[in-house]
Amino acid sequence: MNPRRYRLVLLAAGALILPWLCPPLATAHETDQPPVIVAFGDSLTAGLGVPLEQSYPARLQQKLREAGFPHRVVNAGASGDTTAGGLRRVDAVLAHGPSIVILELGANDGLRGIGLPHIRNNLDQIIRRLQAAGAAVVLAGMKLPPNYGPVYTGQFAAMYAELAKARGIALIPFFLDGVAARAELNQPDGIHPTADGYRVIVERLWPVLKPLLKKAG
């Protein structure tokens, strides 16, 4: 056989054999990695004042396992964080490849008396960026103490429902429902839940989250 033709035959054979020997790398969707839920928030998400395993993301992880869901929960809580800080952290949250993000931010903004248009705009940008990346968003509503005045506190609480409706996302009307103002479920500061308080939070969160698990899982 002509040497040049022989080389061409070898190259053609290699083109057929190499893909079989070295199959293409699997994409993220083709791997067996469990879907990720990111708990994205401030100290209420981080679990300030309780051991990490007693924070609400850790308790949610336990609840998921008990219910037979494969999801992995990532705690992306940062104590003292604001909506502006959260907006700066969106890329870090998306780096986890979440299928669901539970967004709990805004309380620290409200306690500082930050203007509601600013808070709303930051939350809206966070939600839109998470949705653009394909994540389902659960928005956790918050409320402020009455000493901030009825107008500001009323508009602050209503802001979460308005955003959830505008963006078509699931809403927890009040993240601390069943926990706020109950001394036995709060730490001495009266703000951060105890381990038992976080257990209540997960139970109240579950009915909102579970329908999304069926879609994402």
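Predicted model: local features only at pLDDT ≥ 70, side-chain atom pairs only at ≥ 80, totals over all residues.
Start just past helix α7 and click on G134, which takes a positive phi of about 95°. Residues are numbered from 1 along each chain as its sequence is written, and side-chain values use heavy atoms, with hydrogens and water left out.

**Back up into α7**

Select residues 116–132. That's helix α7, with 17 residues, and from first C-alpha to last it reaches 24 Å, close to the 24 Å expected at 1.5 Å a residue (the expected span is 1.5 Å times one less than the number of residues). Now colour its buried residues: L116, I119, N122, L123, D124, I126, I127 and L130. Buried here means under 20% relative accessible area, exposed means over 50%, and partly exposed lies in between, using a 1.4 Å probe and protein chains only. An α-helix has 3.6 residues a turn, so residues three or four places apart point the same way.

**Zoom out for a moment**

Show the whole protein chain as a cartoon and you'll find nine helices and five strands. From the N terminus on, the elements go α-β-α-α-β-α-α-β-α-α-β-α-β-α. Of the 217 residues, 44% are buried. Take contacts (heavy atoms within 4.5 Å) between residues at least 6 apart in sequence: 75% of them join residues at least 24 apart.

**On to the sheet**

Select the strands. They make an open sheet of five in the order β2-β1-β3-β4-β5, with parallel pairing; two strands count as paired if DSSP finds at least two bridges between them. The edges are β2 (72–77) and β5 (170–172), each pairing on one side only. From one strand to the next, the twist averages 20°.

Now pick β3, residues 98–104, where seven of seven residues are buried. On one side, β3 pairs with β1 (residues 36–41) in the parallel sense over six bridges, and V36 stands opposite P98. β3 also pairs with β4 (residues 136–140), again parallel, over four bridges. Look there for I100 and its bridge partner A136, then for L103 opposite L139.

Four of its five residues are buried, so β4 is largely enclosed by the rest of the structure. Three bridges join β4 to β5, and the two run parallel; V138 has A170 as its bridge partner in β5. Follow the chain from β4 through α8 to β5 and you trace a right-handed β-α-β crossover. Right-handed means that, with the strands pointing away from you, the path from the first strand over the helix to the second runs clockwise.

**Into the core**

Show side chains around V138. Not counting residues up to four places away in sequence, V138 touches I100, V101, I102, L103, A170, I172, L205, V208, L209 and L212. V138 is also one of the residues with the most contacts inside the largest nonpolar core, which has 58 residues; F40, Y56, L60, L103 and L209 are the others. Such a core is a set of buried Ala, Val, Leu, Ile, Met, Phe, Trp, Tyr and Cys residues joined through side-chain atoms within 4.5 Å. Its largest share, eight residues, comes from helix α9 (residues 195–216).

Next, select helix α3, residues 56–66. Its buried residues are Y56, P57, R59, L60, Q61, K63 and L64. α3 is followed by G68, with a positive phi near 85°.

**Last stop**

Finish at A181, in the loop between β5 and α9. Phi of A181 is positive, near 70°, in a residue other than glycine. Most residues other than glycine have a negative phi. At 82% relative accessibility, A181 counts as exposed.

Definitions and conventions: Axes fitted to C-alpha atoms, helices over the stretch in contact; angles between N-to-C directions.
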